[in-house]
Protein chains: 2
Amino acid sequence: MSDNEQRHKQRQQKLKQKVDDKVAQAQKEQGVLLVITGNGKGKTTAGFGNVMRAVGHGQKAAVVQFIKGQWDCGERMVLQQQGVPFEVMATGFTWETQNKAADIAAAEKAWAQAKAWLQDDSIDMVLLDEMTYMLSYHYLDIDEVLNTLSSRPAQQHVIVTGRQAHRRLIELADTVSDVTPVKHAFEAGIKAQKGLDY
Amino acid sequence: MSDNEQRHKQRQQKLKQKVDDKVAQAQKEQGVLLVITGNGKGKTTAGFGNVMRAVGHGQKAAVVQFIKGQWDCGERMVLQQQGVPFEVMATGFTWETQNKAADIAAAEKAWAQAKAWLQDDSIDMVLLDEMTYMLSYHYLDIDEVLNTLSSRPAQQHVIVTGRQAHRRLIELADTVSDVTPVKHAFEAGIKAQKGLDY
């Protein structure tokens, strides 16, 4: 083995030791509240990708989509085929409907289904897609939402996506990722495209 | 309508106008190179979620996994069932094998399949999961990779995931998201769990 390979091997062994030590320290098994926020592309796909991961292991997942445009949603088709139940808030983007009372009613209806799933210990993972907006618009009550999340079944994972996650939601969460836009094709005049963006 | 509702409606109309204007300006349709990097949780699930989105619309996608641990991968099971072809680099995490020559050979084999898909205009989307490490470890040649990405079919979307994306890959990309860890359950002693983390 050359000196170069020897050094490579030593570096890798150190790295492996570090990872192994950390893994050995993390032994608790419990439901995780994961918040994926920020202004960059990838929040909803990360949420749906995680649901697919759970479903691929034979786990039960359920999805609430709190904001939905006029477009079809490719990921929903695949997951429904896998037996994943969906609740879709029916009013479309809130700036397309421009009717606050109707939006609140729709948010509350979607939340009622979310709450039922968050009390059902046969469900391993609940995705609350774009729910952050319901809190920043005050369509849902933050105390009600946080209490429901806190008292959910101990092994249930919950994923919340959307921009500008509420400070108190971040405090309650176990894992928080902030997806920061470094650049976006849209700014270069490239339109949203089927398969990539919806 | 109350004053409050009136103000809400005006705000929403302004927001809608702003979004509509931006959408009207973005009219180019072309394949997008999307890089999802950073140290936070959600990069791989975002990539796989995007593949599921494409597949849900009846598009053709292909996946190369450049780093793969000893664990099963829930998302692969679902996508293979949907007919998505996979190329999986066989050596596992590079710090688990600690054999540079074998790692390079494995990386090159996976890249050969990636390259074939990046030249096939019947494929709408290619996911190069965790490919960034192959560049930071110099297992793959950056010029070769960038040239292949640049000369791919015009309508093909490519998604590259992994930490520490190469500066030149970021320059070439159309959309770049940096997934920043705000906090991680692992740091609180919660172990990686099936369905959520793999």
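**Exercise 1. Describe how β6(A) and strand β6 of chain B pair.**

Solution. β6(A) and strand β6 (residues 175-183) of chain B pair in the antiparallel sense over seven bridges. Strands here are DSSP runs (E, at least two residues), helices are H or I runs of at least four residues, and both are numbered from the N terminus. Two strands pair if DSSP finds at least two bridges between them. One example is Ser177(A), whose bridge partner in β6(B) is Pro181(B).

This is a predicted model, in which local features need pLDDT of at least 70 and side-chain atom pairs count only at pLDDT 80 or more, while totals for chains, interfaces and linings use all residues. Residues are numbered from 1 along each chain as its sequence is written, chains are lettered from A and ligands numbered from 1 in the order in which they are written, and side-chain values use heavy atoms, with hydrogens and water left out.

**Exercise 2. State how many residues of chain A and chain B are in contact, and what area the chains bury.**

Solution. Step 1: 81 residues of chain A are in contact (heavy atoms within 4.5 Å) with 81 residues of chain B.

Step 2: interface size is often given as the accessible area lost when the parts come together. The two chains bury about 7,200 Å² between them, 59% of it on carbon and sulfur atoms. This buried area is the accessible area (1.4 Å probe) that two parts lose on being put together, summed over both.

**Exercise 3. Locate two salt bridges between chain A and chain B, and say whether their residues are buried or exposed.**

Solution. Step 1: a salt bridge needs a side-chain nitrogen of Lys or Arg within 4 Å of a carboxyl oxygen of Asp or Glu. Between chain A and chain B the count is four.

Step 2: Glu75(B) and Arg53(A) meet at 2.7 Å, N to O. The pair crosses between chains, from helix α3 of chain B to helix α2 of chain A. Both Glu75(B) and Arg53(A) are buried, where buried means under 20% relative accessible area, exposed over 50% and partly exposed in between (1.4 Å probe, protein chains only).

Step 3: Glu29(A) and Lys191(B) meet at 3.9 Å, N to O. Glu29(A) counts as exposed at 51% relative accessibility, and Lys191(B) as partly exposed at 27%.

**Exercise 4. Explain how far apart Glu171(A) and Arg167(A) lie along helix α8 of chain A.**

Solution. Step 1: their side chains meet in a salt bridge (3.2 Å, N to O).

Step 2: because they are four residues apart in this helix, about one helical turn separates Glu171(A) and Arg167(A).

Step 3: Glu171(A) is exposed at 52%, and Arg167(A) is exposed at 54%.
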